[in-house]
Amino acid sequence: MTKKILVVEDDLLNRMFLCATLEAGGYAVREVADGAHVVAAAEEFAPDLVTMDINLPNVSGVQLIRTLKATPRFRDLPIVAITAYVGKGEEAHIRRAGAADYMAKPVRIGPLLASVETLLGEKGDGERPGLR
């Protein structure tokens, strides 16, 4: 069964890159540009994993991670935090909020797919159709 990934990213180019990469990797993807719609989208789409931009307008990605993790249905949902800000202590702060992994922008295809495969418990052979 195809795994579903919710991509939360406000920047159009970053969102297009993430969606195209994950779709080429064989995943079903739904995108959300506005953090205000994340919980509703997660409820409707029932993702197996979320990629979460941390620096969103109007709402913090860290707060959205906390909100999802506080919801019983999403308590065990793996979340990959993605951020352009790589300040001292930032990764630890984001992981304490509940992120299972952390990536700095610009995101690279190989590490992204490796993280997704690991978090979804899939074989990470590095050979995905359409990506090599």
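Predicted model: local features only at pLDDT ≥ 70, side-chain atom pairs only at ≥ 80, totals over all residues.
**View 1. The end of helix α2, where Ala46 takes a positive phi of about 50°.**

**View 2. A salt bridge between Arg73 and Glu43.** Here the side chains meet at 2.7 Å, N to O. The pair links distant parts of the chain, with Arg73 in the loop between α3 and β4 (79–83) and Glu43 in helix α2, 30 residues apart. Arg73 is partly exposed at 47% relative accessibility, and Glu43 is partly exposed at 36%.

**View 3. Helices α3 and α4 (residues 90–97), whose axes come within 8 Å.** The axes cross at roughly 25°, so α3 is roughly parallel to α4. From α3, Val62, Ile65, Arg66 and Lys69 make the contact, and from α4, His93, Ile94 and Ala97. Sorted by type, the contact residues are 4 nonpolar, 1 polar and 2 charged.

**View 4. The salt-bridge network of Glu9, Asp53 and Lys105.** Lys105 forms a salt bridge with Glu9, with the closest N and O atoms 3.1 Å apart, and another with Asp53, at 3.2 Å. Lys105 lies in the loop between β5 and α5, whereas Asp53 belongs to strand β3, 52 residues apart. Lys105 is partly exposed, at 23% relative accessible area, while Glu9 is buried at 1% and Asp53 is buried at 2%.

Notes:
Residues numbered from 1 in each chain as written. Heavy atoms only, no water. Helix = DSSP H or I, 4+ residues; strand = E, 2+ residues; numbered from the N terminus. Axes fitted to C-alpha atoms, helices over the stretch in contact; angles between N-to-C directions. Parallel < 35°, antiparallel > 145°, perpendicular 65-115°, else oblique. Contact = heavy atoms within 4.5 Å. Nonpolar A, V, L, I, M, F, W, Y, C, P; charged D, E, K, R; others polar. Salt bridge = Lys/Arg side-chain N within 4 Å of Asp/Glu carboxyl O. Buried < 20%, exposed > 50% of the residue type's maximum accessible area, 1.4 Å probe, protein only.
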